[in-house]
Amino acid sequence: MINTIIFDLGAVLIDWNPRHMYKKIFDDDDAMEAFLQNIVTSDWNEEQDAGRPLQEGTELLVKQHPQHEGHIRAFYGRWEEMLGDAFEGTVEIFKQLKESGKYKIYALTNWSAETFPVAFERFEFLKWFDGIVVSGAEKMRKPTPEFYHILFDRYKVNPKEALFIDDNHRNILAAEKLGLKSIHFTSAEQLKGELQKLNLL
């Protein structure tokens, strides 16, 4: 019996994408993609999500790639411009689940503790959650099992009675190993269908 639903945030409820900002800087898409793939990489960004201070991460990268200093500093200097809109279809599903009164609803997100407050102020629906666990604040991130356990322990969540929704397959696999029923998110339509199949919506 599912009584708890756990959402990821980025790419599920919120459109965060560095391209929103870097398209204003680069006039060549291929050069932008090369920069995103090879310089400000996902692995580098995830270190900040795991608690490394933004300034420390930035200085480290500038030292490694001094010829890209301006573009590297823009990553966090203009980070707010990477924050797109909410995915309204998913927000509507969240709203329906919340208003049903049947579930405790939490967020488990890989996000820097320094930038998360910007999103929290911008998106009213973030205040609907019964609790949010932010990786940067905890100094660990998905898919580390201990990070999921922070949520379980803090909010008395039984993983066997919870459903986890995330767009990253790596995080889904980690959740399933912990006994969490999971939905690998691809779109609001797909999520709605999966929830209806499970009789949760």
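A salt bridge here is a side-chain nitrogen of Lys or Arg within 4 Å of a carboxyl oxygen of Asp or Glu. The legends below describe close-up views of a predicted model.

**View 1. Arg19 and Glu33 form a salt bridge.** The closest N and O atoms of this pair are 2.8 Å apart. The pair links distant parts of the chain, with Arg19 in helix α1 and Glu33 in helix α2, 14 residues apart. Arg19 is partly exposed, with a relative accessible area of 26%. Glu33 is also partly exposed, at 26% relative accessibility. By the rule above, the count of salt bridges comes to 14.

**View 2. Asp29 and Lys23 meet in a salt bridge through their side chains.** The N to O distance is 3.7 Å. Asp29 has a relative accessibility of 44% and counts as partly exposed. Lys23 is partly exposed too, at 49%.

**View 3. Asp166 and Lys142 form a salt bridge between buried residues.** Their closest N and O atoms are 2.8 Å apart. Asp166 lies in strand β6 and Lys142 in the loop between α8 (135-138) and α9, so the pair ties together parts that are 24 residues apart in sequence. Both residues are buried, each having under 20% relative accessible area. Asp8 belongs to the network as well: salt bridges that share partners join Asp8, Lys142 and Asp166.

**View 4. Five strands pair in parallel in an open sheet.** The strand order is β5-β4-β1-β6-β7. At the edges stand β5 (131-134) and β7 (181-184); each has a single partner strand, so one side of each is left without a neighbour in the sheet. From one strand to the next, the twist averages 20°. Strand β4 (residues 104-109) runs parallel to β5, and 4 bridges join the two. Within this pairing, Leu108 stands opposite Val133 in β5.

**View 5. Strand β1 is joined to β4 and to β6.** The pairing of β1 with β4 is parallel and has 4 bridges; here Thr4 stands opposite Lys104 in β4. Another 4 bridges join β1 to β6, again in parallel, and the bridge partner of Phe7 in β6 is Ile165. In a regular strand the side chains alternate between the two faces of the sheet. In β1, Thr4 and Ile6 point one way, whereas Ile5 and Phe7 point the other way. All four of these residues are buried.

View 6. An α-helix has 3.6 residues a turn, so residues three or four places apart point the same way. At the N-terminal end, Asn168 caps α10, with a side-chain oxygen 2.9 Å from the backbone nitrogen of Arg170. Gly179 follows α10 and has a positive phi, near 90°.

**View 7. Helix α5 has four buried residues, covered by other elements.** The buried residues of α5 (residues 69-77) are Ile72, Ala74, Phe75 and Tyr76. Their cover includes strand β2 (14-16). It also includes helices α1 (19-22), α2 (29-38), α3 (42-49) and α4 (54-64).

**View 8. Ser112 lies in the loop between β4 and α7 (116-122).** Ser112 has a relative accessibility of 3% and counts as buried, because buried means under 20%. A polar atom of the Ser112 side chain lies 3.0 Å from the backbone nitrogen of Glu114. Leaving aside neighbours within four places in sequence, Ser112 is in contact with Gln48, Asp49, Leu54, Val134 and Gly136.

Notes
Residues numbered from 1 in each chain as written. Predicted model: local features only at pLDDT ≥ 70, side-chain atom pairs only at ≥ 80, totals over all residues. Heavy atoms only, no water. Pairing = 2+ DSSP bridges. Axes fitted to C-alpha atoms, helices over the stretch in contact; angles between N-to-C directions. Buried < 20%, exposed > 50% of the residue type's maximum accessible area, 1.4 Å probe, protein only. Contact = heavy atoms within 4.5 Å. Polar contact = N/O pair within 3.5 Å; in protein donor to acceptor, adjacent residues only side chain to side chain.
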